[in-house]
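This briefing covers metal sites, salt bridges and pocket space. The structure comes first, and the notes follow by topic.

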Amino acid sequence: MHRCPQCGCFEYGGAPACARCGDLLDTLVEDGYQAFLAEQALPDDPDLAEMIVSEIKPYEWRVVDAAFDRLTCADCGSRRGRGPAGCPPCDLDEGFRYSAREPDRPGVPPLNEHAVRVGAAVLRNAHRHGERALLSWRLGFPLVLAGGMFTTAQAQNLRARINKGAGYDELAPWVATRLR
Ligand SMILES: [Zn+2]
Ligand SMILES: [Zn+2]
């Protein structure tokens, strides 16, 4: 894990306030889409994005999330699934996106990729989530992306400390020691 030169948090963990961390998250998703297009020799057009989000299940989560990013919610005008919480079509899309595939990257513990995808969704859509969920992913996402995982006890410990009001600066050094 590396510190972001712009915000001082571990990279990705400064989102949504830090533009650089936000860009890193967007790139993580968009790179997955570009790799998919290259592999399949497909053009980047909205019809393809529509097709992907109408099927979801056969596709990897980065491909699905990037496809949603290419489409506009008819109700709120945001990118699909990314409008305010309570926008009915966005709420539906947000649920559906989780049926995408989450194949673990080589050399990481099982279900690591699920944590990466949930963390990316929360950090990229901070306005749809509570303050505590956001803080726990600002702390946890750089760890899981680096291939680490919290044990159940560690996750409970972290949640308890967040609930007691501990902030990012207090908790980040502790999280960094979890990465072996
Ligand atoms: Zn940053
Ligand atoms: Zn919407």
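**Overview**

I52 counts as buried because its relative accessibility is 0%; buried means under 20% relative accessible area, exposed over 50% and partly exposed in between, with a 1.4 Å probe and protein chains only. The model is predicted, so local features need pLDDT of at least 70 and side-chain atom pairs count only at pLDDT 80 or more, while totals for chains, interfaces and linings use all residues. Residues are numbered from 1 along each chain as its sequence is written, chains are lettered from A and ligands numbered from 1 in the order in which they are written, and side-chain values use heavy atoms, with hydrogens and water left out.

**Position of I52**

- I52 belongs to helix 2 (residues 46–55); helices are DSSP runs of H or I with at least four residues, strands are runs of E with at least two, and both are numbered from the N terminus.
- Between I52 and L158 there are 106 residues in sequence and 36 Å in space, C-alpha to C-alpha.

**Zinc sites**

- The zinc ion (ligand 1) is coordinated by the SG atoms of C4, C7, C18 and C21, at 2.3 to 2.4 Å. Donors are N, O and S atoms within 2.8 Å of the metal (3.2 Å for Na, K and Ca), and sites may look incomplete because water is not among the atoms.
- The site of the zinc ion (ligand 1) is tetrahedral, with angles of 104 to 115° among its 4 donor atoms. Four donors count as tetrahedral if all angles lie between 85 and 135 degrees.
- The donor residues of the zinc ion (ligand 1) follow the spacing C-x2-C-x10-C-x2-C.
- C4 counts as buried because its relative accessibility is 2%, whereas C7, at 31%, counts as partly exposed.
- The zinc ion (ligand 2) is held by C73 (SG), C76 (SG), C87 (SG) and C90 (SG), at 2.2 to 2.4 Å.
- Angles of 104 to 117° among the 4 donor atoms make the site of the zinc ion (ligand 2) tetrahedral.
- C87 and C90 are both buried.

**Salt bridges**

- The whole structure contains 16 salt bridges, each defined as a side-chain nitrogen of Lys or Arg within 4 Å of a carboxyl oxygen of Asp or Glu.
- R62 and E60 form a salt bridge at 2.8 Å, N to O, and both are buried.
- R62 also pairs with E113, with the closest N and O atoms 2.6 Å apart. E113 lies in helix 5 (residues 112–124) and R62 in helix 3 (residues 61–69), so the pair ties together parts that are 51 residues apart in sequence.
- Both E113 and R62 are buried.
- E11 and R20 form a salt bridge in which the closest N and O atoms are 2.9 Å apart. R20 is partly exposed because its relative accessible area is 26%.
- A network of salt bridges links D26, D69, R82 and R124.

**Largest pocket**

- The lining of the largest pocket has 14 residues, with S136, W137, F150, A155 and R159 nearest its centre.
- Helix 6 (131–145) and helix 7 (152–163) are the elements that give two or more residues to this lining. Helix 6 supplies the largest share, 6 residues.

Terms used
On a 1 Å grid over the protein atoms alone, a cavity is a set of points where a 1.4 Å probe fits but cannot get out, and a pocket is an open set with protein on both sides within 12 Å along at least five of seven lines; lining residues have an atom within 4 Å of a point. Four donors count as tetrahedral if all angles lie between 85 and 135 degrees; four count as square planar and six as octahedral if opposite donors are over 155 degrees apart and all others between 65 and 115; anything else is irregular.
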